[in-house]
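This report examines the sequence and model displayed below.

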Amino acid sequence: MIVPLRRLDASRLSKHSSLGENFDDIISNSPIDGLIDCLYSHTTSAIHSLEAIRPPLSHADLHFFISTFFLPPRNHRFGVNDRIILLVPPGPEYAVALLALCTNHCCVPVNPSCTKDELNEDASRLGAKAILTTKELAAHLELQSLQVEIILIEPRITGPVGLFDFSRPGANDGHTTNTVLDLKRNGLNDVSLILHTSGTNGKKKVVRYTLRSLMVSAWCVVHSWGLTPSDVNCMRNCQS
């Protein structure tokens with residue numbers, strides 16, 4: 001089994017630099033150019049569902065899905081640095097969509113319990129090109145009235161968890177398909193993720209993460225926690 005990030009071996013760490021500086025230096029001097037290079041094709045499980053009704057998503061299936069992922073354009077062809085709001089409840093589809101958007105675009109996750117006005121303000125302030133969401137949330141928040149493209153994810157009802165197709169609100173022709181042959185993906189220095197903080201004065205503050213910083217942060221967690229390929233990180237949405 002070939003693990004793409006095997007070069008980030010803790011035994012190579014310099015004692016004269018911090019953990020983050022070490023991993024940043026190793027990544028900078030490796031063949032890694034983007035997130036696809038960090039994924040490997042293997043039949044072991046990558047993403048599970050808490051319900052455990054359907055089989056988990058393998059690393060091979062995740063790699064194939066993300067390597068062929070693109071947002072179907074209607075009024076705008078989406079590319080690197082385009083900010084895409086991710087409005088999807090926690091779950092396997094959320095995890096896959098987050099990885100896919102960070103691979104090609106700038107992902108902006110928002111709380112699915114937000115109001116229509118909050119979402120509209122976020123989309124306007126950040127210059128979002130589209131909102132990727134579910135049919136239920138699009139209807140609940142009346143997203144069609146917003147001045148931004150709406151793309152719906154349609155979770156697949158068979159096969160492994162986490163995979164989905166696209167559709168448009170009100171479309172009668174089923175799933176949206178398109179062919180994009182020259183898709184450009186994020187490089188290490190492209191901003192791949194934007195998160196909001198509440199801010200001390202009540203105004204949201206924007207925190208931008210490059211793909212490089214996400215890789216370094218993730219590997220610092222792996223090293224600090226001593227994670228192994230057999231460990232499972234279980235995330236459950238808890239609302240008070």
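## Nonpolar cores

In this predicted model, the largest nonpolar core holds 39 residues, of which Phe69, Leu71, Leu101, Leu132, Phe164 and Phe166 touch the most other members. A nonpolar core is here a set of buried Ala, Val, Leu, Ile, Met, Phe, Trp, Tyr and Cys residues joined through side-chain atoms within 4.5 Å. Buried denotes under 20% relative accessible area, exposed over 50%, and partly exposed the range in between, with a 1.4 Å probe and protein chains only. Two or more residues of this core come from each of α1 (19-28), α2 (59-67), β3 (83-87), α3 (92-104), β5 (130-133), β6 (149-155), β7 (164-167) and α6 (211-225). These elements are DSSP runs numbered from the N terminus, with helices (H or I) of at least four residues and strands (E) of at least two.

Apart from residues up to four places away in sequence, Leu71 touches Phe78, Ile84, Leu101, His105, Leu132, Ile151 and Phe166; contact means heavy atoms within 4.5 Å. A second, separate core has 20 residues, including Ile85, Leu87, Leu137 and Ala138.

## Basis and overall composition

Residues are numbered from 1 along each chain as its sequence is written. Because the model is predicted, local features need pLDDT of at least 70 and side-chain atom pairs count only at pLDDT 80 or more, while totals for chains, interfaces and linings use all residues, and side-chain values use heavy atoms, with hydrogens and water left out.

The protein has six helices and nine strands. Of its 240 residues, 40% count as buried. Among contacts with a separation of 6 or more, 60% are between residues 24 or more positions apart.

The 15 residues of α6 should span 21 Å at 1.5 Å a residue, and the end C-alpha atoms are 21 Å apart, which agrees. The expected span is 1.5 Å times one less than the number of residues in the helix. Leu211, Arg212, Met215, Val216, Trp219 and Cys220 are the buried residues of α6, and they pack against α1, α3, β8 (191-197) and β9 (205-210). Just after the helix, Gly226 adopts a positive phi of about 65°.

The axes of α1 and α6 come within 9 Å and cross at roughly 125°, which makes α1 oblique to α6. Axes are lines fitted to C-alpha atoms, for helices over the stretch in contact, and angles run from 0 to 180 degrees between N-to-C directions. Angles under 35 degrees count as roughly parallel, over 145 as roughly antiparallel, 65 to 115 as roughly perpendicular, and the rest as oblique. From α1, Leu19, Gly20, Phe23, Asp24, Ile27 and Ser28 meet Arg212, Met215, Val216, Trp219, Cys220, His223 and Ser224 of α6.

## Helices α2 and α3

The axes of α2 and α3 lie 10 Å apart, and the two helices pack at an angle of about 45°. They are therefore oblique to each other. Leu62, Phe65 and Ile66 of α2 make the contact with Val96, Leu99, Ala100 and Thr103 of α3.

## Selected residues

Leu87, a member of the second core, belongs to strand β3 and is buried, with a relative accessible area of 0%. Beyond its neighbours within four places in sequence, Leu87 is in contact with Val110, Asn111, Pro112, Cys114, Leu119, Ile131, Leu132, Thr133, Thr134, Leu137, Leu141 and Leu143. The C-alpha atoms of Leu87 and Thr134 are separated by 7.5 Å, although the two residues are 47 residues apart along the chain.

Asn189 is placed in the loop between β7 and β8 and is exposed, with a relative accessible area of 57%. Its contacts outside four places in sequence are Thr210 and Arg212, the latter being one of the buried residues of α6. Asn81 is in the loop between α2 and β3 and is partly exposed at 48% relative accessible area. Glu142 occupies the loop between α5 (135-140) and β6 and is exposed at 51%.
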